[in-house]
Amino acid sequence: MTTSPFIQDTILEDEMVLLRPLQITDVNNLLDISLHEPETWEYSLVRANGKENLENYIQLAIKNKENQTEFPFIVFDKKSQKYAGSTRFYDINLEFKTLQLGYTWYGKDFRGTGLNKHCKFLLLQFAFETLGMERVEFRADNNNQRSIAAMKSIGCKIEGVLRSHMPTLDSDIRRDSIVLSILKKEWFDEVKENLKRKL
């Protein structure tokens, strides 16, 4: 039987990045991005721009961790010795061996540096090889081309688009969500090695 990821305080790291469980005190570590780069959450329904939103964002993530539906991480960039952003597992279903990987954001200094690929490699390896997941799913606003390109580049396959899937913040327009995924067999057959070559 799979050990619940909530029992341990999982730390994932390689030579470039360290992912550790998100804590309330991380408000201070992420505040600079929150205050000065509000566009980071342009496509997000749950935003972390501004101190109050960031505090709410972290508190909600930790509460969901306690409810065993999410596992949020803070991302630390070893090269610059700075906190880069956050990511998490969510919609975790241990019985069905599925989860979603998302709520991923980085400050602009950390985008396009290869950091995201290192994070995704560690997270996917943990999901498939430690937790024994059969499927890892990704979703994004269908207009968020940067996010979609990043997911494709790590080996995600597009499954389709959920039309009028969710509301958007401060607008009557509803968003279409694109759904992508990686299956366990795909991870071991090709995705792992292809992603490793890109690190």
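Leaving aside neighbours within four places in sequence, F89 is in contact with T69, E70, F71, F73, L99, Q100, L101, L123, F126 and A127. The model is predicted. F89 is also, with L115, L124 and F138, one of the residues that touch the most other members of the largest nonpolar core, which has 38 residues. The element that gives the most to this core is helix α3 (residues 115-130), with 9 residues. Another core lies apart from it and has 14 residues, among them L22, L31, A48 and Y57.

**The chain as a whole**

The chain holds 5 helices and 8 strands. Their order along the sequence is β-β-α-α-β-β-β-α-β-α-β-β-α. The radius of gyration is 16 Å, close to the 16 Å that the globule rule gives for 199 residues, so the chain is as compact as a globular protein of that length. Of the contacts with a separation of 6 or more, 59% are between residues 24 or more positions apart. Further values for the chain are set out below.

| Property of the chain | Value |
|---|---|
| Span of the C-alpha trace along its principal axes | about 40 × 40 × 35 Å |
| Buried share of the 199 residues | 46% |
| Accessible surface | about 10400 Å² |
| Share of that surface belonging to carbon and sulfur atoms | 48% |

**Helix α2**

Helix α2 covers residues 51-66. At 1.5 Å a residue, its 16 residues should span 22 Å, and the end C-alpha atoms are 23 Å apart, which agrees. The buried residues of α2 are L54, Y57, I58, A61, I62, N64 and K65. Seen down the helix axis, these buried residues fall within an arc of 160°, so they line one face of α2. An α-helix has 3.6 residues a turn, so residues three or four places apart point the same way. On the other side of α2, E52 and E66 are exposed.

What do the buried residues of α2 pack against? Their partners are the strands β2 (17-21), β3 (71-77), β4 (82-93) and β5 (98-106), together with helix α1 (27-36). After α2 comes Q68, whose phi is positive, near 65°.

**Two buried loop positions**

D26 is found in the loop between β2 and α1. Is D26 buried or exposed? Its relative accessibility is 1%, and a residue under 20% counts as buried, so D26 is buried. Not counting residues up to four places away in sequence, D26 touches R20, P21, I58 and I74.

G132 sits in the loop between α3 and β6 (135-141). With a relative accessible area of 16%, G132 is under the 20% cut-off and is therefore buried. Which residues does G132 touch, not counting those up to four places away in sequence? They are K97, A127 and K184. G132 and K97 are 35 residues apart in sequence, while their C-alpha atoms are 6.9 Å apart in space. A127, another partner of G132, is also in contact with F89.

Technical notes. Residues numbered from 1 in each chain as written. Predicted model: local features only at pLDDT ≥ 70, side-chain atom pairs only at ≥ 80, totals over all residues. Heavy atoms only, no water. Core = buried A, V, L, I, M, F, W, Y, C linked by side-chain atoms within 4.5 Å. Buried < 20%, exposed > 50% of the residue type's maximum accessible area, 1.4 Å probe, protein only. Helix = DSSP H or I, 4+ residues; strand = E, 2+ residues; numbered from the N terminus. Contact = heavy atoms within 4.5 Å. Expected span 1.5 Å × (residues − 1). Arc of directions from axis to C-beta. Rg over C-alpha atoms; globule rule 2.2 N^0.38 Å. Areas by Shrake-Rupley, 256 points an atom, 1.4 Å probe, with all protein chains shown as cover.
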